[in-house]
Amino acid sequence: MQKNREQWNSKIGFILAASGSAIGLGNIWKFPYIAGENGGAAFIFIYLICIAIIGLPVLIGEILLGRTTQRNPVGAFRKLSNSSFWASIGGLGVLAGFIILSFYTVVAGWSLGYIFEAISGVFYDFNKIESAGIHFQTLTNNVTWIVGFTAAFLLLTMAIVYAGVQKGIERGSKIMMPLLFVILIILMIKGLTMPGAEKGVAFLLEPNWDNVTGETVLLALGHAFFTLSLGMGAMMTYGSYMKQSNSIMSSSLQIIFLDTIIALIAGVAIFTAVFATGQNPSEGPGLIFLTLPVVFTKMTGGYIFSILFFLLLSIAALTSSISLLEVVIAYFVDEKKWDRKKAVLIFGGVTFLVALPSALSFNLIKDVTFFGLNYFDIADYLASNILLPFGGLFISIFIAWIWGFDKVFIELKKGSESLFEKHIWVINAWKVFIKYFAPVLIFLVLLSKLGILDVIFK
Ligand code: PHE
(Lines give C-alpha, C1' and ligand atoms only; values in the text may rest on other atoms or scores of the structure.)
Protein backbone atom coordinates (compact mmCIF):
# COMPACT_ATOMS: atom_id res chain seq x y z
CA MET A 1 0.00 0.00 0.00
CA GLN A 2 1.12 3.52 -0.71
CA LYS A 3 2.38 5.55 2.17
CA ASN A 4 0.44 8.64 3.22
CA ARG A 5 -2.39 8.24 0.76
CA GLU A 6 -5.19 10.45 1.95
CA GLN A 7 -8.46 9.13 3.42
CA TRP A 8 -11.79 10.68 4.30
CA ASN A 9 -11.86 11.91 7.83
CA SER A 10 -15.34 10.60 8.56
CA LYS A 11 -18.04 8.39 7.11
CA ILE A 12 -20.38 11.35 6.72
CA GLY A 13 -17.57 13.16 4.88
CA PHE A 14 -17.48 10.36 2.33
CA ILE A 15 -21.28 10.26 1.99
CA LEU A 16 -21.46 14.02 1.43
CA ALA A 17 -18.58 14.06 -1.04
CA ALA A 18 -19.96 11.10 -3.01
CA SER A 19 -23.50 12.42 -3.03
CA GLY A 20 -22.00 15.78 -4.01
CA SER A 21 -20.47 14.05 -7.01
CA ALA A 22 -23.77 12.39 -7.86
CA ILE A 23 -25.97 15.45 -7.32
CA GLY A 24 -25.16 17.93 -10.04
CA LEU A 25 -26.33 19.41 -13.30
CA GLY A 26 -27.71 15.93 -13.97
CA ASN A 27 -30.29 16.32 -11.19
CA ILE A 28 -31.24 19.95 -11.50
CA TRP A 29 -30.70 20.78 -15.16
CA LYS A 30 -31.03 17.48 -17.05
CA PHE A 31 -33.47 15.38 -15.03
CA PRO A 32 -36.38 17.87 -15.00
CA TYR A 33 -36.16 18.58 -18.71
CA ILE A 34 -35.78 14.94 -19.75
CA ALA A 35 -38.75 14.04 -17.53
CA GLY A 36 -40.64 17.02 -18.97
CA GLU A 37 -40.05 15.89 -22.53
CA ASN A 38 -40.78 12.22 -21.90
CA GLY A 39 -44.10 11.98 -20.19
CA GLY A 40 -43.29 13.13 -16.64
CA ALA A 41 -44.26 10.42 -14.15
CA ALA A 42 -43.95 7.58 -16.66
CA PHE A 43 -40.32 8.49 -17.32
CA ILE A 44 -39.65 8.90 -13.61
CA PHE A 45 -41.05 5.44 -12.92
CA ILE A 46 -38.71 3.82 -15.47
CA TYR A 47 -35.78 5.88 -14.25
CA LEU A 48 -36.35 4.71 -10.66
CA ILE A 49 -36.34 1.11 -11.80
CA CYS A 50 -33.04 1.67 -13.66
CA ILE A 51 -31.52 3.26 -10.56
CA ALA A 52 -32.59 0.34 -8.40
CA ILE A 53 -31.65 -2.60 -10.60
CA ILE A 54 -28.57 -1.24 -12.38
CA GLY A 55 -27.44 1.95 -10.69
CA LEU A 56 -27.28 0.58 -7.17
CA PRO A 57 -25.44 -2.67 -8.01
CA VAL A 58 -22.86 -0.87 -10.18
CA LEU A 59 -22.38 1.86 -7.57
CA ILE A 60 -21.64 -0.76 -4.91
CA GLY A 61 -19.20 -2.43 -7.32
CA GLU A 62 -17.37 0.78 -8.19
CA ILE A 63 -16.91 1.85 -4.60
CA LEU A 64 -15.77 -1.67 -3.75
CA LEU A 65 -13.08 -1.64 -6.46
CA GLY A 66 -11.79 1.66 -5.13
CA ARG A 67 -11.83 0.76 -1.44
CA THR A 68 -10.18 -2.62 -2.02
CA THR A 69 -7.30 -1.29 -4.08
CA GLN A 70 -6.94 2.25 -2.69
CA ARG A 71 -6.14 3.37 -6.19
CA ASN A 72 -7.38 5.48 -9.11
CA PRO A 73 -9.29 3.57 -11.84
CA VAL A 74 -6.18 2.59 -13.84
CA GLY A 75 -4.28 1.45 -10.78
CA ALA A 76 -7.34 -0.33 -9.38
CA PHE A 77 -7.85 -2.54 -12.42
CA ARG A 78 -4.14 -3.13 -12.82
CA LYS A 79 -3.70 -4.16 -9.21
CA LEU A 80 -6.52 -6.72 -9.29
CA SER A 81 -5.99 -8.14 -12.76
CA ASN A 82 -2.40 -7.49 -13.65
CA SER A 83 -3.55 -6.94 -17.19
CA SER A 84 -2.95 -3.99 -19.43
CA PHE A 85 -6.33 -4.51 -21.11
CA TRP A 86 -8.14 -3.87 -17.84
CA ALA A 87 -5.80 -1.01 -16.97
CA SER A 88 -6.79 0.61 -20.24
CA ILE A 89 -10.47 0.29 -19.28
CA GLY A 90 -9.54 2.39 -16.26
CA GLY A 91 -7.72 4.72 -18.64
CA LEU A 92 -10.95 5.22 -20.58
CA GLY A 93 -12.45 6.48 -17.34
CA VAL A 94 -9.71 9.08 -16.95
CA LEU A 95 -10.31 10.13 -20.56
CA ALA A 96 -14.07 10.30 -19.96
CA GLY A 97 -13.33 12.59 -17.00
CA PHE A 98 -11.69 15.09 -19.34
CA ILE A 99 -14.45 14.83 -21.90
CA ILE A 100 -17.24 15.34 -19.37
CA LEU A 101 -15.37 18.25 -17.80
CA SER A 102 -15.07 19.85 -21.21
CA PHE A 103 -18.81 20.43 -21.54
CA TYR A 104 -19.77 20.32 -17.88
CA THR A 105 -17.67 23.35 -16.98
CA VAL A 106 -19.32 25.32 -19.79
CA VAL A 107 -22.89 24.70 -18.55
CA ALA A 108 -21.70 25.26 -14.99
CA GLY A 109 -20.15 28.52 -16.20
CA TRP A 110 -23.55 29.65 -17.55
CA SER A 111 -25.01 28.86 -14.20
CA LEU A 112 -22.35 30.93 -12.44
CA GLY A 113 -22.93 33.76 -14.91
CA TYR A 114 -26.68 33.57 -14.32
CA ILE A 115 -26.18 34.30 -10.62
CA PHE A 116 -24.96 37.72 -11.74
CA GLU A 117 -27.76 38.06 -14.29
CA ALA A 118 -30.24 37.31 -11.51
CA ILE A 119 -28.61 39.88 -9.22
CA SER A 120 -28.73 42.51 -11.98
CA GLY A 121 -32.50 42.06 -12.18
CA VAL A 122 -32.40 41.68 -15.98
CA PHE A 123 -34.95 38.85 -15.82
CA TYR A 124 -37.65 41.46 -15.16
CA ASP A 125 -37.32 42.55 -18.78
CA PHE A 126 -38.57 39.16 -19.95
CA ASN A 127 -42.24 38.46 -20.06
CA LYS A 128 -42.05 35.87 -22.75
CA ILE A 129 -39.75 32.95 -23.31
CA GLU A 130 -38.63 34.48 -26.63
CA SER A 131 -37.01 37.45 -24.91
CA ALA A 132 -35.30 35.13 -22.39
CA GLY A 133 -34.08 33.10 -25.36
CA ILE A 134 -32.64 36.13 -27.12
CA HIS A 135 -30.85 37.14 -23.93
CA PHE A 136 -29.38 33.65 -23.52
CA GLN A 137 -28.17 33.74 -27.11
CA THR A 138 -26.62 37.15 -26.69
CA LEU A 139 -24.70 35.93 -23.65
CA THR A 140 -23.52 32.66 -25.16
CA ASN A 141 -22.55 34.46 -28.36
CA ASN A 142 -20.26 36.64 -26.30
CA VAL A 143 -16.90 34.89 -26.26
CA THR A 144 -15.61 36.83 -23.27
CA TRP A 145 -18.69 36.03 -21.20
CA ILE A 146 -18.78 32.34 -21.94
CA VAL A 147 -15.04 31.68 -21.79
CA GLY A 148 -14.69 33.91 -18.74
CA PHE A 149 -17.31 32.09 -16.68
CA THR A 150 -16.09 28.67 -17.84
CA ALA A 151 -12.61 29.64 -16.65
CA ALA A 152 -13.94 31.06 -13.38
CA PHE A 153 -15.84 27.87 -12.66
CA LEU A 154 -12.81 25.75 -13.50
CA LEU A 155 -10.66 27.82 -11.16
CA LEU A 156 -13.11 27.17 -8.31
CA THR A 157 -12.97 23.46 -9.08
CA MET A 158 -9.17 23.51 -9.16
CA ALA A 159 -8.92 25.43 -5.89
CA ILE A 160 -10.90 22.76 -4.02
CA VAL A 161 -9.04 19.80 -5.53
CA TYR A 162 -5.73 21.59 -4.96
CA ALA A 163 -6.45 21.76 -1.23
CA GLY A 164 -6.62 17.95 -1.07
CA VAL A 165 -9.04 15.16 -0.24
CA GLN A 166 -9.76 16.10 3.37
CA LYS A 167 -9.05 19.80 3.40
CA GLY A 168 -10.54 20.50 -0.01
CA ILE A 169 -13.11 17.99 -1.20
CA GLU A 170 -14.38 16.75 2.17
CA ARG A 171 -14.46 20.15 3.81
CA GLY A 172 -16.02 21.78 0.75
CA SER A 173 -18.72 19.10 0.55
CA LYS A 174 -19.52 19.45 4.25
CA ILE A 175 -20.24 23.13 3.69
CA MET A 176 -21.82 23.06 0.24
CA MET A 177 -24.09 20.02 0.52
CA PRO A 178 -26.12 21.21 3.56
CA LEU A 179 -26.43 24.61 1.88
CA LEU A 180 -27.70 22.91 -1.25
CA PHE A 181 -30.31 20.93 0.72
CA VAL A 182 -31.55 24.05 2.50
CA ILE A 183 -31.86 26.14 -0.70
CA LEU A 184 -33.63 23.35 -2.52
CA ILE A 185 -36.15 22.84 0.27
CA ILE A 186 -36.89 26.58 0.35
CA LEU A 187 -37.48 26.51 -3.41
CA MET A 188 -39.71 23.44 -3.13
CA ILE A 189 -41.85 25.06 -0.44
CA LYS A 190 -42.12 28.18 -2.58
CA GLY A 191 -43.19 26.12 -5.59
CA LEU A 192 -45.73 24.06 -3.64
CA THR A 193 -47.38 27.13 -2.12
CA MET A 194 -47.95 28.90 -5.44
CA PRO A 195 -51.56 28.93 -6.69
CA GLY A 196 -51.92 26.30 -9.39
CA ALA A 197 -48.98 24.22 -8.09
CA GLU A 198 -51.12 21.09 -8.07
CA LYS A 199 -50.91 20.88 -11.87
CA GLY A 200 -47.15 20.60 -11.57
CA VAL A 201 -47.43 17.90 -8.94
CA ALA A 202 -49.94 16.01 -11.07
CA PHE A 203 -47.51 16.20 -14.00
CA LEU A 204 -44.89 14.47 -11.84
CA LEU A 205 -47.23 11.89 -10.33
CA GLU A 206 -49.67 10.90 -13.06
CA PRO A 207 -47.95 8.78 -15.65
CA ASN A 208 -48.68 9.31 -19.31
CA TRP A 209 -47.66 6.02 -20.88
CA ASP A 210 -48.44 7.19 -24.42
CA ASN A 211 -45.15 9.03 -24.59
CA VAL A 212 -43.07 6.05 -23.51
CA THR A 213 -41.09 4.26 -26.20
CA GLY A 214 -38.00 2.06 -26.28
CA GLU A 215 -35.98 5.23 -26.56
CA THR A 216 -37.39 6.42 -23.24
CA VAL A 217 -36.04 3.36 -21.48
CA LEU A 218 -32.60 3.91 -22.97
CA LEU A 219 -32.63 7.53 -22.00
CA ALA A 220 -33.58 6.61 -18.44
CA LEU A 221 -30.74 4.13 -18.17
CA GLY A 222 -28.15 6.49 -19.66
CA HIS A 223 -29.29 9.16 -17.27
CA ALA A 224 -29.06 6.76 -14.32
CA PHE A 225 -25.33 6.40 -15.10
CA PHE A 226 -24.74 10.09 -15.54
CA THR A 227 -26.60 11.16 -12.43
CA LEU A 228 -24.87 8.61 -10.20
CA SER A 229 -21.43 9.50 -11.62
CA LEU A 230 -21.00 5.87 -12.66
CA GLY A 231 -18.89 4.23 -15.32
CA MET A 232 -15.82 6.48 -15.35
CA GLY A 233 -14.24 5.86 -11.99
CA ALA A 234 -15.39 8.90 -10.01
CA MET A 235 -17.07 6.71 -7.40
CA MET A 236 -14.10 4.32 -7.56
CA THR A 237 -11.71 7.16 -6.82
CA TYR A 238 -13.86 8.47 -3.97
CA GLY A 239 -14.19 4.89 -2.69
CA SER A 240 -10.41 4.61 -2.70
CA TYR A 241 -10.24 7.20 0.08
CA MET A 242 -12.73 5.26 2.20
CA LYS A 243 -11.80 3.42 5.38
CA GLN A 244 -12.15 -0.36 5.29
CA SER A 245 -14.36 -0.22 8.36
CA ASN A 246 -17.13 1.78 6.66
CA SER A 247 -19.97 -0.18 5.11
CA ILE A 248 -20.17 0.07 1.33
CA MET A 249 -23.70 -1.30 1.26
CA SER A 250 -25.18 1.28 3.60
CA SER A 251 -23.13 4.14 2.10
CA SER A 252 -24.30 3.27 -1.41
CA LEU A 253 -27.93 3.20 -0.30
CA GLN A 254 -27.57 6.61 1.29
CA ILE A 255 -25.91 8.10 -1.80
CA ILE A 256 -28.62 6.70 -4.08
CA PHE A 257 -31.35 7.91 -1.75
CA LEU A 258 -29.94 11.44 -1.63
CA ASP A 259 -29.35 11.65 -5.37
CA THR A 260 -32.86 10.42 -6.17
CA ILE A 261 -34.67 12.53 -3.63
CA ILE A 262 -32.81 15.66 -4.75
CA ALA A 263 -33.75 15.05 -8.39
CA LEU A 264 -37.38 14.60 -7.36
CA ILE A 265 -37.40 17.68 -5.14
CA ALA A 266 -35.81 19.70 -7.95
CA GLY A 267 -38.55 18.38 -10.24
CA VAL A 268 -41.26 19.43 -7.78
CA ALA A 269 -39.70 22.88 -7.21
CA ILE A 270 -39.35 23.52 -10.94
CA PHE A 271 -42.61 22.08 -12.30
CA THR A 272 -44.89 23.54 -9.64
CA ALA A 273 -43.51 26.98 -10.50
CA VAL A 274 -43.59 26.33 -14.25
CA PHE A 275 -47.25 25.22 -14.19
CA ALA A 276 -48.32 27.88 -11.69
CA THR A 277 -47.03 30.58 -14.04
CA GLY A 278 -48.50 28.95 -17.13
CA GLN A 279 -45.23 28.06 -18.86
CA ASN A 280 -44.41 25.08 -21.04
CA PRO A 281 -42.87 22.08 -19.19
CA SER A 282 -41.24 20.55 -22.27
CA GLU A 283 -38.85 23.29 -23.28
CA GLY A 284 -35.91 20.84 -23.32
CA PRO A 285 -32.38 21.89 -22.32
CA GLY A 286 -33.57 25.52 -22.19
CA LEU A 287 -35.98 24.79 -19.32
CA ILE A 288 -33.56 26.19 -16.75
CA PHE A 289 -31.98 29.05 -18.68
CA LEU A 290 -34.99 30.19 -20.72
CA THR A 291 -38.21 29.12 -19.01
CA LEU A 292 -37.18 29.68 -15.41
CA PRO A 293 -36.10 33.32 -15.75
CA VAL A 294 -39.60 34.03 -17.09
CA VAL A 295 -41.14 32.01 -14.26
CA PHE A 296 -39.20 34.09 -11.72
CA THR A 297 -40.58 37.35 -13.09
CA LYS A 298 -44.09 36.05 -12.56
CA MET A 299 -43.76 35.00 -8.92
CA THR A 300 -43.67 37.05 -5.76
CA GLY A 301 -40.15 37.24 -4.39
CA GLY A 302 -38.87 36.06 -7.77
CA TYR A 303 -35.75 38.23 -7.47
CA ILE A 304 -34.46 36.41 -4.39
CA PHE A 305 -35.58 33.00 -5.63
CA SER A 306 -33.79 33.49 -8.95
CA ILE A 307 -30.50 34.26 -7.18
CA LEU A 308 -30.96 31.29 -4.85
CA PHE A 309 -31.76 29.00 -7.76
CA PHE A 310 -28.63 29.76 -9.80
CA LEU A 311 -26.53 29.60 -6.65
CA LEU A 312 -27.98 26.15 -6.02
CA LEU A 313 -27.22 25.06 -9.56
CA SER A 314 -23.63 26.30 -9.33
CA ILE A 315 -23.00 24.57 -6.01
CA ALA A 316 -24.44 21.32 -7.33
CA ALA A 317 -22.19 21.56 -10.40
CA LEU A 318 -19.11 22.37 -8.33
CA THR A 319 -19.38 19.36 -6.01
CA SER A 320 -19.62 17.20 -9.16
CA SER A 321 -16.86 18.81 -11.18
CA ILE A 322 -14.38 18.33 -8.32
CA SER A 323 -15.01 14.59 -8.51
CA LEU A 324 -14.38 14.64 -12.25
CA LEU A 325 -11.10 16.46 -11.85
CA GLU A 326 -10.11 14.26 -8.90
CA VAL A 327 -10.21 11.15 -11.11
CA VAL A 328 -7.62 12.70 -13.40
CA ILE A 329 -5.51 14.00 -10.51
CA ALA A 330 -5.62 10.70 -8.58
CA TYR A 331 -4.28 8.95 -11.67
CA PHE A 332 -1.27 11.25 -11.94
CA VAL A 333 -0.64 11.25 -8.20
CA ASP A 334 -0.88 7.44 -7.76
CA GLU A 335 0.56 6.20 -11.01
CA LYS A 336 2.96 8.90 -12.09
CA LYS A 337 3.90 9.95 -8.54
CA TRP A 338 3.15 13.59 -9.28
CA ASP A 339 2.69 16.13 -6.58
CA ARG A 340 -1.07 16.87 -6.20
CA LYS A 341 -0.63 20.62 -6.52
CA LYS A 342 1.43 20.37 -9.66
CA ALA A 343 -1.04 17.89 -11.16
CA VAL A 344 -3.97 20.23 -10.44
CA LEU A 345 -2.26 23.22 -12.03
CA ILE A 346 -1.24 21.33 -15.15
CA PHE A 347 -4.44 19.34 -15.68
CA GLY A 348 -6.65 22.24 -14.75
CA GLY A 349 -4.91 24.03 -17.61
CA VAL A 350 -5.39 21.06 -19.94
CA THR A 351 -9.08 20.94 -18.96
CA PHE A 352 -9.40 24.58 -19.90
CA LEU A 353 -7.95 23.82 -23.31
CA VAL A 354 -10.41 20.98 -23.92
CA ALA A 355 -13.33 23.05 -22.58
CA LEU A 356 -12.49 25.96 -24.87
CA PRO A 357 -13.93 24.40 -28.03
CA SER A 358 -17.10 23.53 -26.05
CA ALA A 359 -17.49 27.15 -25.05
CA LEU A 360 -16.76 28.31 -28.59
CA SER A 361 -19.34 25.84 -29.96
CA PHE A 362 -21.92 28.52 -29.15
CA ASN A 363 -20.26 31.28 -31.11
CA LEU A 364 -17.03 31.20 -33.12
CA ILE A 365 -17.13 27.55 -34.14
CA LYS A 366 -20.89 27.11 -34.11
CA ASP A 367 -20.89 25.98 -37.72
CA VAL A 368 -18.11 23.44 -37.36
CA THR A 369 -20.16 20.28 -37.11
CA PHE A 370 -19.66 16.59 -37.54
CA PHE A 371 -22.81 14.61 -38.45
CA GLY A 372 -24.78 17.70 -37.51
CA LEU A 373 -23.31 17.86 -34.00
CA ASN A 374 -20.92 20.51 -32.79
CA TYR A 375 -18.00 19.88 -30.40
CA PHE A 376 -20.12 20.50 -27.30
CA ASP A 377 -22.83 18.07 -28.43
CA ILE A 378 -20.25 15.46 -29.39
CA ALA A 379 -18.53 15.65 -26.00
CA ASP A 380 -21.87 15.28 -24.21
CA TYR A 381 -23.03 12.47 -26.48
CA LEU A 382 -19.77 10.56 -26.39
CA ALA A 383 -19.43 10.71 -22.63
CA SER A 384 -23.00 10.16 -21.48
CA ASN A 385 -24.20 7.77 -24.13
CA ILE A 386 -21.12 5.76 -24.90
CA LEU A 387 -18.22 6.02 -22.46
CA LEU A 388 -20.21 5.83 -19.21
CA PRO A 389 -22.38 2.83 -20.11
CA PHE A 390 -19.29 1.19 -21.66
CA GLY A 391 -17.40 1.74 -18.41
CA GLY A 392 -20.32 0.41 -16.37
CA LEU A 393 -20.50 -2.68 -18.55
CA PHE A 394 -16.83 -3.47 -18.01
CA ILE A 395 -16.98 -2.73 -14.30
CA SER A 396 -19.79 -5.22 -13.80
CA ILE A 397 -18.12 -7.83 -16.03
CA PHE A 398 -14.87 -7.40 -14.16
CA ILE A 399 -16.44 -7.82 -10.75
CA ALA A 400 -18.69 -10.72 -11.61
CA TRP A 401 -16.62 -12.68 -14.08
CA ILE A 402 -12.94 -11.82 -13.57
CA TRP A 403 -12.34 -10.89 -9.96
CA GLY A 404 -14.29 -13.86 -8.52
CA PHE A 405 -17.04 -13.69 -5.91
CA ASP A 406 -15.03 -15.46 -3.22
CA LYS A 407 -12.58 -12.53 -3.19
CA VAL A 408 -15.30 -9.97 -3.84
CA PHE A 409 -17.24 -11.11 -0.78
CA ILE A 410 -14.20 -10.95 1.52
CA GLU A 411 -13.82 -7.29 0.60
CA LEU A 412 -17.51 -6.42 0.58
CA LYS A 413 -17.98 -7.96 4.03
CA LYS A 414 -15.60 -5.47 5.65
CA GLY A 415 -17.78 -2.96 7.45
CA SER A 416 -20.96 -4.86 6.50
CA GLU A 417 -20.48 -7.94 8.74
CA SER A 418 -23.95 -7.88 10.23
CA LEU A 419 -25.57 -7.72 6.80
CA PHE A 420 -23.67 -10.85 5.80
CA GLU A 421 -24.76 -12.61 9.00
CA LYS A 422 -28.38 -11.56 9.16
CA HIS A 423 -29.51 -10.68 5.64
CA ILE A 424 -27.33 -12.64 3.28
CA TRP A 425 -30.16 -12.54 0.70
CA VAL A 426 -29.30 -8.89 0.10
CA ILE A 427 -25.79 -9.88 -0.89
CA ASN A 428 -27.06 -12.72 -3.04
CA ALA A 429 -29.46 -10.38 -4.78
CA TRP A 430 -26.61 -7.96 -5.50
CA LYS A 431 -24.63 -10.86 -6.96
CA VAL A 432 -27.43 -11.71 -9.40
CA PHE A 433 -27.85 -8.09 -10.43
CA ILE A 434 -24.18 -7.37 -11.02
CA LYS A 435 -23.63 -10.69 -12.76
CA TYR A 436 -26.63 -10.78 -15.12
CA PHE A 437 -28.97 -7.83 -15.06
CA ALA A 438 -26.44 -5.03 -15.23
CA PRO A 439 -24.19 -6.38 -18.02
CA VAL A 440 -27.04 -7.63 -20.21
CA LEU A 441 -29.15 -4.51 -19.93
CA ILE A 442 -26.22 -2.15 -20.39
CA PHE A 443 -25.10 -4.13 -23.40
CA LEU A 444 -28.53 -3.75 -24.98
CA VAL A 445 -28.49 -0.03 -24.30
CA LEU A 446 -25.08 0.34 -25.87
CA LEU A 447 -26.16 -1.52 -28.96
CA SER A 448 -29.18 0.66 -29.33
CA LYS A 449 -27.21 3.86 -28.67
CA LEU A 450 -24.91 2.89 -31.47
CA GLY A 451 -27.99 2.41 -33.63
CA ILE A 452 -27.33 -1.29 -34.08
CA LEU A 453 -30.70 -2.43 -32.72
CA ASP A 454 -32.47 -0.09 -35.15
CA VAL A 455 -30.75 -1.83 -38.00
CA ILE A 456 -31.58 -5.30 -36.70
CA PHE A 457 -35.23 -4.56 -35.93
CA LYS A 458 -35.98 -2.53 -39.00
N1 PHE B 1 -23.37 13.01 -11.52
C2 PHE B 1 -23.08 14.30 -12.03
C3 PHE B 1 -24.40 15.04 -12.26
O4 PHE B 1 -25.46 14.50 -12.05
C5 PHE B 1 -22.27 14.27 -13.30
C6 PHE B 1 -21.07 13.39 -13.24
C7 PHE B 1 -20.95 12.33 -14.12
C8 PHE B 1 -20.07 13.61 -12.28
C9 PHE B 1 -19.87 11.47 -14.06
C10 PHE B 1 -18.98 12.75 -12.22
C11 PHE B 1 -18.88 11.68 -13.10
O12 PHE B 1 -24.38 16.18 -12.64
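Where does Asn-82 lie? Asn-82 is in the loop between α4 (73–81) and α5, where helices (H or I, at least four residues) are DSSP runs numbered from the N terminus. The model is predicted, so local features need pLDDT of at least 70 and side-chain atom pairs count only at pLDDT 80 or more, while totals for chains, interfaces and linings use all residues. Residues are numbered from 1 along each chain as its sequence is written, and side-chain values use heavy atoms, with hydrogens and water left out.

Asn-82 is not a glycine, yet its phi is positive, at about 55 degrees. Asn-82 is exposed, with a relative accessible area of 71%; exposed means over 50%, buried under 20%, and partly exposed in between (1.4 Å probe, protein chains only). Ser-229 also is not a glycine and has a positive phi, of about 60 degrees. Ser-229 sits in the loop between α10 and α11 (234–239). Its relative accessible area is 10%, which means that Ser-229 is buried.

Which atoms lie 2.8 Å apart at Phe-226? They are a backbone N or O atom of Phe-226 and a nitrogen atom of the ligand. A polar backbone atom of Ala-22 is 2.9 Å from an oxygen atom of the ligand, and a polar side-chain atom of Asn-27 is 3.4 Å from a ligand oxygen atom. The ligand taken alone exposes 320 Å², and the protein buries 100% of that (Shrake-Rupley method, 1.4 Å probe).

His-223 belongs to helix α10. Is His-223 buried or exposed? His-223 is buried, because its relative accessible area is 3%. The side chain of His-223 reaches the backbone oxygen of Gly-26 at 3.4 Å. Such a polar contact is a pair of N or O atoms within 3.5 Å; within protein, one must be able to donate a hydrogen and the other to accept it, and residues adjacent in sequence count only if both atoms are side-chain atoms.

Technical notes. Helix = DSSP H or I, 4+ residues; strand = E, 2+ residues; numbered from the N terminus.
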